[in-house]
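Please describe this protein chain for someone who has not seen it before.

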Amino acid sequence: HWFLYCTAVAFWGVDPVADLVLRAVLTLLAVSFIVAALLNFHRAGPLVRLIYRFAVVWLGMLNYLFFAACLDWIAAFVLRLSPLAAQLPLWRPRIAAVLFVLALAVSIYGVLNARTIHVRRIAIKLARLPASWRGRTALVLSDLHLGNVLGIGFSRRIAALAARLSPDLILIPGDLFDGAKIDADALLEPFRALAPPFGTFFSAGNHDEFGDTAQYTAALTRVGIRVLSNERVLVDGLQLIGVPYGYSTYPLRLRVFLDGLHLADGPASI
């Protein structure tokens with residue numbers, strides 16, 4: 001934020017009143033995400049959702065604005081070394097305007113693109129895969145981050161898409177939730193209608209462990225999703241192993257757990 005301020009002042013120049021306003025706005029924006037994150041973890045409601053959404057969108061924009069500011073200085077330096085050096089005072093505000101507008105345009109595109117659900121189809125080959133699984137499909141729903149940014153509307157869209165794809169198996173390998181204080185039952189209700197022939201399985205990611213893990217687990221169980229926590233299940237001859245994020249951060253414990261499963265001696269595993 002300080003770098004953005006310095007760039008704006010250097011390239012555009014501001015009067016004392018505008019300078020004071022710019023300082024105040026950037027200071028508030030600098031602390032906005034910290035405040036929003038604290039509210040996100042401890043409070044719920046429309047106002048919290050609004051504040052959090054604003055803060056995360058600004059944080060995303062800040063990344064591109066920072067790069068634009070860096071390019072401003074690089075462009076000015078190159079211009080200073082060129083035959084147009086005498087016109088630098090004229091070009092500096094134009095350079096900044098173009099690059100900052102491009103940064104905002106890319107940010108807006110990113111926000112819109114994030115709302116678009118992309119389906120990617122990948123053919124997987126597994127050693128020792130049971131013949132019964134050849135040609136079947138598994139749907140992987142990863143990093144949905146349901147919470148104060150992507151809420152019940154997004155959950156319904158995902159569930160509807162999953163139903164249209166008609167997979168044989170659904171796998172949710174973490175970060176289903178964003179760690180916010182939310183009504184997990186309401187967000188998961190659209191998933192209740194999903195009934196793939198071989199079930200739906202979930203294993204926790206790091207964001208799922210930010211909040212009340214027990215609450216999330218209970219809500220998942222109520223809609224028919226099987227939670228795997230350091231567990232192995234056999235699904236029509238295919239092994240599914242679920243390890244939550246927290247446990248996986250201890251390499252020695254993880255290695256002992258996996259070695260104890262003797263995976264090399266069994267059927268194909270995921």
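The report below goes from the whole chain to single residues.

## Basis

This is a predicted model, in which local features need pLDDT of at least 70 and side-chain atom pairs count only at pLDDT 80 or more, while totals for chains, interfaces and linings use all residues. Residues are numbered from 1 along each chain as its sequence is written, and side-chain values use heavy atoms, without hydrogens and water.

## Overall form

The protein chain has nine helices and six strands. These are DSSP runs, numbered from the N terminus: helices are H or I with at least four residues, strands are E with at least two. The radius of gyration, taken over C-alpha atoms, is 25 Å.

Along the principal axes, the C-alpha atoms fill a box of roughly 75 × 45 × 40 Å. Of the 270 residues, 37% count as buried. Buried means under 20% relative accessible area, exposed means over 50%, and partly exposed is in between (1.4 Å probe, protein chains only).

## Largest pocket

Rolling a probe the size of a water molecule over the atoms shows where empty space is left. A pocket here is an open set of points on a 1 Å grid over the protein atoms alone, where a 1.4 Å probe fits, with protein on both sides within 12 Å along at least five of seven lines; lining residues have an atom within 4 Å of a point. Volume is the space filled by probe spheres set on the points, which are joined across faces, edges and corners.

The largest pocket holds about 1,100 Å³ of space. It is lined by 37 residues, and Arg120, Ile122, Ala138, Leu139 and Val140 are the closest to its centre. Helix H4 (88-114), strand E1 (138-140), helix H5 (152-165) and E2 each give two or more residues to the lining. H5 gives the largest share, five residues. By class, the lining has 25 nonpolar, six polar and six charged residues. Ala, Val, Leu, Ile, Met, Phe, Trp, Tyr, Cys and Pro count as nonpolar, Asp, Glu, Lys and Arg as charged, and the others, Gly among them, as polar.

## Second largest pocket

The second largest pocket has a volume of about 640 Å³. Of its 22 lining residues, Val56, Val57, Ala114, Val149 and Leu150 are the closest to the centre. Helix H3 (46-81) and H4 each supply at least two lining residues. The largest share, nine residues, comes from H3.

## Aromatic contacts

The structure holds nine aromatic pairs. Rings of Phe, Tyr and Trp (its six-membered ring) pair if their centres lie within 6.5 Å; planes under 30 degrees apart count as stacked, over 60 as edge-to-face and the rest as tilted. Phenylalanine 177 and tyrosine 216 are stacked, 4.2 Å centre to centre with 15° between the planes. Phenylalanine 177 is in the loop between strand E2 (169-172) and helix H6 (184-188), and tyrosine 216 is in helix H7 (residues 213-222), 39 residues apart. Both residues are buried.

Charges also meet rings. The charged end of arginine 253 sits over the ring of tyrosine 250, 4.3 Å from its centre. Arginine 94 has its charged end over the ring of tryptophan 91, 5.3 Å from the centre. The test is NZ of Lys or CZ of Arg within 6 Å of the ring centre and within 35 degrees of the ring normal.

Methods. The radius of gyration is taken over C-alpha atoms; the globule rule is 2.2 Å times the number of residues to the power 0.38.
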